[in-house]
Amino acid sequence: MGKPTGFMEYKREVSSAQEPKKRIRHFREFHEHLSKEEQQLQGARCMECGVPFCQAGMLICGMASGCPLHNLIPEWNDLVYTGNWKQAYNRLKKTNNFPEFTSRVCPALCEAACTCGLNGDPVAARENEYAIIENAYREGYAAPNPPRVRTGKTIAIVGSGPSGLAAADQLNKRGHSVTVFERSDRIGGLLMYGIPNMKLEKEVVERKRKVMEEEGVTFVTGVNVGKDMKADKLLREFDRVILACGASNPRDIKAPGRDAKGIFFAVDFLRANTRSLLDSGFEDKQYVDTKDKHVVIIGGGDTGNDCVGTSVRHGAKSVTQIEMMPKAPDRRAENNSWPEWPRVCKIDYGQEEAIAVYGRDPRIYEATVKEFIKDKDGCLKGVKTVKLAWEKDADSGRMKMQEIPGSEQELPADIVLIAAGFLGAQSYVAEAFGVELDGRTNVKTEPGDYRTSRDNVFVTGDMHRGQSLVVWAIREGREAARAVDESLMGYSNLVVQ
């Protein structure tokens with residue numbers, strides 16, 4: 001272990017964020033990270049406890065506790081403390097293909113399960129991970145390392161999000177020839193167009209793409225398989241196909257006035273914003289401009305928060321975020337004990353920025369939109385909300401949300417962004433490949449398997465498990481890669497965990 005008394009001698013220190021009113025002037029990452037020497041002391045805080053819950057990645061009460069990738073966190077924390085940065089990188093990469101992504105966008109399930117967090121502050125594992133991978137790029141440890149031998153097997157991967165990229169990375173390292181097809185103009189899926197630049201700068205995604213290309217992975221962009229290219233063509237030309245198209249159907253809000261001009265899905269709003277930023281620095285005006293507009297965001301979670309931060313940066317007149325669920329407690333409830341994921345209220349970067357600009361938390365809890373209000377030209381001018389309460393259904397005995405009579409309220413709204421989650425795979429891809437869907441409109445497989453109902457076609461990521469985190473997508477990609485490798489070679493030496 002690092003230092004037996006490290007967690008008592010050193011306080012938890014993390015990167016400092018730029019003050020909200022300064023960082024909203026740009027779309028760059030806004031954290032100042034610790035020096036290598038300071039980061040090494042953070043590694044010393046790891047206890048390497050007898051049961052490292054941080055790397056368990058198990059489900060407790062339906063929620064993940066610890067890292068789903070089973071990252072060897074105590075090992076690389078110790079290596080950081082002792083200054084063995086190259087070995088720390090080797091141990092980190094053994095289980096995680098993309099620490100440059102997870103160290104920026106993962107909610108740090110590992111830290112929530114850290115034993116130090118039971119009676120104090122958890123180890124800064126995510127920031128240690130960031131320090132390891134960024135040091136590896138600076139020192140050349142993360143340089144391309146193509147396989148020495150090729151198997152002659154070919155694999156097509158449809159979709160270049162984190163799951164598809166993880167599968168491609170693993171299978172390429174095995175020596176198979178991998179081609180990734182992406183319908184957009186840039187690879188990365190939601191990493192590129194679903195996560196704003198201030199959380200994940202796109203140079204980071206491009207940096208990894210270049211490494212993977214030099215290692216032998218082929219990327220084909222601007223091709224929408226199932227529309228621009230027939231599925232049968234891929235099945236003829238490749239030994240195996242992996243579908244990694246994500247859960248791309250946004251959940252809609254059905255209410256009177258839904259046809260009003262000014263209502264957008266959050267994913268479309270974020271995609272257009274990032275594309276315009278990358279293409280022209282917003283000069284092309286091909287994005288939804290919220291300047292001097294009243295913006296209402298329907299839905300909490302990371303996507304809703306990203307919409308808040310983006311709208312604030314463009315100079316919105318007001319931002320309101322509507323959440324159906326009650327406000328979570330500020331501290332763990334007695335029935336939410338460690339090492340369960342803490343169900344507590346957090347103020348994310350977007351809400352923090354809204355508070356700094358508008359003087360209030362933008363969130364309204366236990367409410368939903370009952371009507372979209374239009375003007376005479378059909379343009380959105382407001383929303384009618386109604387408060388909700390939990391009540392027990394007399395027939396089923398289950399708790400459900402009910403409207404509270406007389407609690408209606410009208411809010412000004414020039415733009416509404418719907419961030420209510422996703423509802424499974426887009427049907428045209430499944431139909432093109434002739435694969436079965438389950439009751440949640442995800443591609444159907446046997447439990448724990450990645451084979452679809454179509455021979456030689458596999459599935460991974462959100463298209464398989466439903467909307468989830470980047471870290472779960474990477475794990476799915478690694479497991480799918482192993483399943484494909486076994487089907488091709490009769491065995492696999494690919495490490496999943």
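Start with the hairpin of E14 and E15: 6 residues lie between its strands, and glycine 397 there takes a positive phi near 80 degrees. Strands (E, at least two residues) and helices (H or I, at least four) are DSSP runs, numbered from the N terminus. Select residues 380-392 for strand E14 and residues 399-403 for strand E15; the two pair in the antiparallel sense over 5 bridges. Two strands count as paired if DSSP finds at least two bridges between them. Next, pick lysine 392, whose bridge partner in E15 is methionine 399.

The model is predicted: local features need pLDDT of at least 70, side-chain atom pairs count only at pLDDT 80 or more, and totals for chains, interfaces and linings use all residues. Residues are numbered from 1 along each chain as its sequence is written, and side-chain values use heavy atoms, with hydrogens and water left out.

**The whole chain**

Zoom out to the protein chain, which has 18 helices and 18 strands. Its C-alpha trace spans about 65 × 60 × 55 Å along the principal axes. The radius of gyration is 23 Å, which agrees with the value near 23 Å for a compact globule of 497 residues. This radius is taken over C-alpha atoms, and the globule rule is 2.2 Å times the number of residues to the power 0.38.

**The open sheet**

Now colour the 5 strands that form an open sheet in the order E7-E6-E5-E8-E18, with parallel pairing. Strand E7 (218-221) and strand E18 (457-459) stand at the edges; each has a single partner strand, so one side of each is left without a neighbour in the sheet. From one strand to the next the twist averages 20 degrees. Select strand E6 (residues 177-182): its parallel pairing with E7 runs over 4 bridges. Valine 180 has phenylalanine 219 of E7 as its bridge partner.

**Two helix pairs**

Show helix H9 (residues 162-174) and helix H18 (residues 470-489), whose axes come within 7 Å and cross at roughly 40 degrees. Axes are lines fitted to C-alpha atoms, for helices over the stretch in contact, and angles run from 0 to 180 degrees between N-to-C directions. This makes H9 oblique to H18. Angles under 35 degrees count as roughly parallel, over 145 as roughly antiparallel, 65 to 115 as roughly perpendicular and the rest as oblique. H9 passes H18 in a right-handed crossing; a crossing is right-handed if the near helix is turned clockwise from the far one by less than a right angle, and left-handed if anticlockwise.

Then move to helix H13 (residues 266-280) and helix H14 (residues 301-313), with axes that come within 10 Å and cross at roughly 45 degrees. Their crossing is left-handed. To see the contact (heavy atoms within 4.5 Å), select Ala266, Phe269, Leu270 and Asn273 of H13 and Thr303, Asp306, Cys307, Thr310 and Ser311 of H14.

**Two loop residues**

Which residues does a cis peptide bond join? They are tryptophan 338 and proline 339, with omega about 5 degrees. Proline 339 is in the loop between strand E11 (318-322) and helix H15 (349-358). Finish at aspartate 292, in the loop between H13 and strand E10 (294-298). Its phi is near 60 degrees, a positive value in a residue other than glycine. Most residues other than glycine have a negative phi, and most peptide bonds are trans.
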